[in-house]
Amino acid sequence: MECTMNITEIMAVLPHRYPFLLVDRVVELVKGEKIVALKNITGNEEVFNGHFPGAPIFPGVMIVEALAQASGILGFVTTDTTADDGKLYLFAGLDKVRFKAPVVPGDQLMLESEVVAVKRHIWRFQTRATVNGKLVCEATLLCAYQDRDKV
C-alpha cells in the first residue's frame, strides 16, 4: 500500500520533536519496501547560528539523522507501531557514508530509504538524499528496533 503523511501524522509515529524533527512530509511510502520524504532547509534552522556564521551549511550528521528518521517512519509503518507503543529505532551502525555536495538554506532535501534486510530486530536501509535531483549524501544505515524501556 502506498501512502503519504503530513507533519501531524509524522509526529504521531516518531518520538522526535522540534528542533530535532527532521522530516517535514512523506510523499511516498510502500510498507516494507521504501519511503520518499522531504526536509525543507530554511535559514531559520538553529544549527546555522554556529555552522557556519556567514556561510551556512547544513551539517552532514543532520542529513544522516534525517535519513534515519525517514527510515524509522518506514519501519514503524511497516510494523504497524509507533513510538507511543514503547518502541524505538536506534542507530546500530553506518556504512559507506558519503557526502557529495553541501546543503544550504533554500534547499529541499529529498530523503529516500529502502529496506534491504531485516534480521531479528536489526534493520538495514539503503538511503540517499538529493537536492534538485543531485545526490548530496548516501549511506547504509543499520537500526535496532527495540523496546524503549530497554534503552
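A salt bridge is counted where a side-chain nitrogen of Lys or Arg lies within 4 Å of a carboxyl oxygen of Asp or Glu. By that criterion the side chains of Lys87 and Asp147 form a salt bridge, with 2.5 Å from N to O. Because Lys87 belongs to strand β4 (residues 87-99) and Asp147 to strand β7 (residues 134-147), the pair ties together parts that are 60 residues apart in sequence; strands here are DSSP runs of E of at least two residues, helices are runs of H or I of at least four, and both are numbered from the N terminus. Lys87, Asp147 and Lys150 are linked in a network of salt bridges.

The model is predicted, so that local features need pLDDT of at least 70 and side-chain atom pairs count only at pLDDT 80 or more, while totals for chains, interfaces and linings use all residues. Residues are numbered from 1 along each chain as its sequence is written, and side-chain values use heavy atoms, with hydrogens and water left out.

Lys87 is partly exposed at 21% relative accessible area, and Asp147 is likewise partly exposed at 25%, where buried means under 20%, exposed over 50% and partly exposed in between (1.4 Å probe, protein chains only). A salt bridge also joins the side chains of Glu138 and Lys100, at 3.9 Å from N to O.

The structure holds 8 salt bridges. Along the sequence, the chain runs β-α-β-β-α-β-β-β-β, and 43% of its 151 residues count as buried.
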